[in-house]
Amino acid sequence: MTALNETPKNQTFTLKGVSHIEPEHANNLLQSGKAILLDVREQEELDIICFDIPKLIHIPISEIVEGHKQLSKETLIIVSSNSGTRGTKIANLLLYQGFKQVANLDGGIATWNKEKLSVFINGKKPSSGGCGCGCSH
C-alpha cells in the first residue's frame, strides 16, 4: 500500500501498528476504486457533515463489533471519524480481527473538509465560497 504513514501529520492520537493516510491520498484511492471508506461516526454527526465519495460504508462505532463482519478483507479499508481518534481505534480493532489492509484517515473528516475535499454540509453541497459550515475555511 502506498502513501501510508506510521505517524499521523494531522492528529496527535495514534496507536502502534496503525497506519495513517492523508486525505488527498485517500481521496485518490477512493475515487479510483482501490479502497473503501468506513465512516464510524454516529448518525447525528453524519447529519452535520458527511463525505461525498464513492465506496462509502457507514457503520457507527456503537455497532462496529457486529457490523465489521460485512467488510471485505481483500480491499483497503480507510477508517474515518471526526478527527481521527476513533478512526485509529477502529483501525486497530480491524487489524486485530485479521484485516490486513487498514488505515486511519489522518485527521478524519475535519481535515478532509479543511483540505476542501468533497462533502455535504447539513445535507447540501457547499458553495464555492468556503465550506459552508460557518467556520473560517
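**Core packing and sheet architecture of the predicted chain**

The largest nonpolar core comprises 18 residues, and those with the most contacts inside it are Leu30, Phe51, Ile78 and Trp112; a nonpolar core is here a set of buried Ala, Val, Leu, Ile, Met, Phe, Trp, Tyr and Cys residues joined through side-chain atoms within 4.5 Å, and buried denotes under 20% relative accessible area, exposed over 50%, and partly exposed the range in between, with a 1.4 Å probe and protein chains only. At least two residues of this core come from each of α1 (23-31), β3 (35-39), β4 (49-51), β6 (76-80), β7 (102-105), α5 (108-114) and β8 (119-121), where helices (H or I, at least four residues) and strands (E, at least two) are DSSP runs numbered from the N terminus. The most is given by α1, with three residues. Apart from this core lies another, of 14 residues, which includes Leu38, Val40, Ile59 and Ile64. In soluble globular proteins, nonpolar side chains tend to be buried together.

The model is a predicted one, in which local features need pLDDT of at least 70 and side-chain atom pairs count only at pLDDT 80 or more, whereas totals for chains, interfaces and linings use all residues. Residues are numbered from 1 along each chain as its sequence is written, and side-chain values use heavy atoms, with hydrogens and water left out.

With neighbours within four places in sequence left aside, Trp112 is in contact (heavy atoms within 4.5 Å) with Pro23, Ala26, Asn27, Leu30, Phe51, Ile53, Leu105, Leu117, Ser118 and Val119. Thr111, also placed in helix α5, is buried, with a relative accessible area of 10%. Not counting residues up to four places away in sequence, Thr111 touches Asn10, Pro23 and Asp106. Thr111 and Tyr96 are 15 residues apart along the chain, and their C-alpha atoms are separated by 26 Å.

The secondary structure of the chain comes to five helices and eight strands, which follow the pattern β-β-α-β-α-β-β-α-β-α-β-α-β when read along the sequence. The radius of gyration, taken over C-alpha atoms, is 14 Å, close to the 14 Å that the globule rule (2.2 Å times the number of residues to the power 0.38) gives for 137 residues, so the chain is as compact as a globular protein of that length. The C-alpha trace spans about 45 × 30 × 30 Å along its principal axes. Of the 137 residues in the chain, 43% are buried, and among contacts with a separation of 6 or more, 60% are accounted for by residues 24 or more positions apart.

Six strands form an open sheet of mixed pairing, in the order β1-β2-β7-β6-β3-β5, two strands being taken to pair if DSSP finds at least two bridges between them. The edge strands, β1 (4-5) and β5, each pair on one side only. Helix α4 packs on the sheet, touching β2, β3, β6 and β7, and its direction makes about 175° with that of β7; axes are lines fitted to C-alpha atoms, for helices over the stretch in contact, and angles run from 0 to 180 degrees between N-to-C directions.

Strands β1 and β2 run antiparallel and are joined by two bridges, with Leu4 opposite Ile21 in β2. Strand β2 (residues 20-21) in turn pairs with β7 in the parallel sense over two bridges, and the bridge partner of His20 in β7 is Asn104. Asn104 is likewise the bridge partner of Val79, within a parallel pairing of β6 and β7 that extends over three bridges; Ile78 stands opposite Ala103 in β7. Five bridges join β3 to β6 in the parallel sense, and Ala35 stands opposite Leu76 in β6.

Strand β6 is mostly covered, five of its five residues being buried: Leu76, Ile78 and Ser80 point one way from the strand, and Ile77 and Val79 the other way. Together with helix α4 (residues 85-96) and β7, β6 makes a right-handed β-α-β unit, right-handed meaning that, with the strands pointing away from the viewer, the path from the first strand over the helix to the second runs clockwise.

Positive phi values were also computed for residues other than glycine. Lys55, in the loop between β4 and β5 (56-58), has a positive phi of about 60° and, at 47% relative accessibility, counts as partly exposed. Asn122, in the segment after β8, has a phi near 50° and is exposed, with a relative accessible area of 52%.
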